[in-house]
Every structure is written in structure tokens, then in C-alpha cells.
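Please examine the sequence and the model shown here before reading the report.

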Amino acid sequence: MVECHMCGKTWMIEHHHVFAGPYRKKSTQYGYVWPLCAWCHRHPIIGVHYNQERNLMLKREAQEDFEKTHSREEFRRIFGKSYILEDEE
């Protein structure tokens, strides 16, 4: 059973491209299309399409995952920028 990546719910699951717009295809290619429940995806207060803090959290998590096998420079080249600030490391 598919669970929401953020809260673990198993109902009303939708697919969320962590990196959208011009990076949507790359998000699919690298496996950053994650299951989110409708609340975590589209709710006007907590949904990642409205809540920038939660959206950034997913992007950073995806970048950390990517950097397990690739360099930060490669991430920047593929996804346009780093979401992990150098002074936060």
C-alpha cells in the first residue's frame, strides 16, 4: 500500500514532482515523484504547493538523496540550483 511521503496516510494519494516546471522530466527521470496525500499535496495551508517551508523541505530531502551517489555540482547542473545552503552544513 502506498503511503504519503510526509504523513504516512494511505488514502487519496497523488503523485508530486518534487522539482516542477522545467525540471519536471528530470524529477521523473531521477525518481523524485513522491506520493503525497491530497492534504499534504494541495491543502491551502499545509500542502506543498502552498507552503513554501514544506516544499523546500522536500527539495532538500531529494537533494540529500541525490548527493548520496552524485556531486552537488551535478545536482546544480541538472536541477538548476542547490537547495542546501553551504552555511547549513
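The report below covers the fold, the surface and the nonpolar core of this predicted model.

## Fold and dimensions

The protein chain contains four helices and two strands, arranged along the sequence in the pattern β-α-β-α-α-α. With a radius of gyration of 13 Å, close to the 12 Å given by the globule rule for 89 residues, the protein chain is as compact as a globular protein of that length.

The C-alpha trace of the protein chain spans about 35 × 25 × 25 Å along its principal axes. Among contacts in the protein chain with a separation of 6 or more, 48% join residues 24 or more positions apart.

## Surface and charge

The protein chain exposes about 5700 Å², and 53% of this area is supplied by carbon and sulfur atoms. Buried residues account for 36% of the 89 residues.

Charged side chains number 13 positive and 13 negative in the protein chain. The centres of these two sets lie 8 Å apart.

## Nonpolar core

The largest nonpolar core comprises 17 residues. Those with the most contacts inside this core are Met 6, Val 18, Phe 19, Tyr 32, Leu 36, Leu 58 and Phe 79. At least two residues of the core come from each of β2 (33-37), α3 (52-66) and α4 (72-79).

Note on methods. Residues are numbered from 1 along each chain as its sequence is written. This is a predicted model: local features need pLDDT of at least 70, side-chain atom pairs count only at pLDDT 80 or more; totals for chains, interfaces and linings use all residues. Side-chain values use heavy atoms; hydrogens and water are left out. The radius of gyration is taken over C-alpha atoms; the globule rule is 2.2 Å times the number of residues to the power 0.38. Buried means under 20% relative accessible area, exposed over 50%, partly exposed in between (1.4 Å probe, protein chains only). Contact means heavy atoms within 4.5 Å. Accessible areas come from the Shrake-Rupley method with a 1.4 Å probe; for residues, only the protein chains shown count as cover. Lys and Arg count as positive and Asp and Glu as negative; His and the chain ends are not counted. The place of a charge is taken as NZ of Lys, CZ of Arg, CG of Asp or CD of Glu. A nonpolar core is a set of buried Ala, Val, Leu, Ile, Met, Phe, Trp, Tyr and Cys residues joined through side-chain atoms within 4.5 Å.
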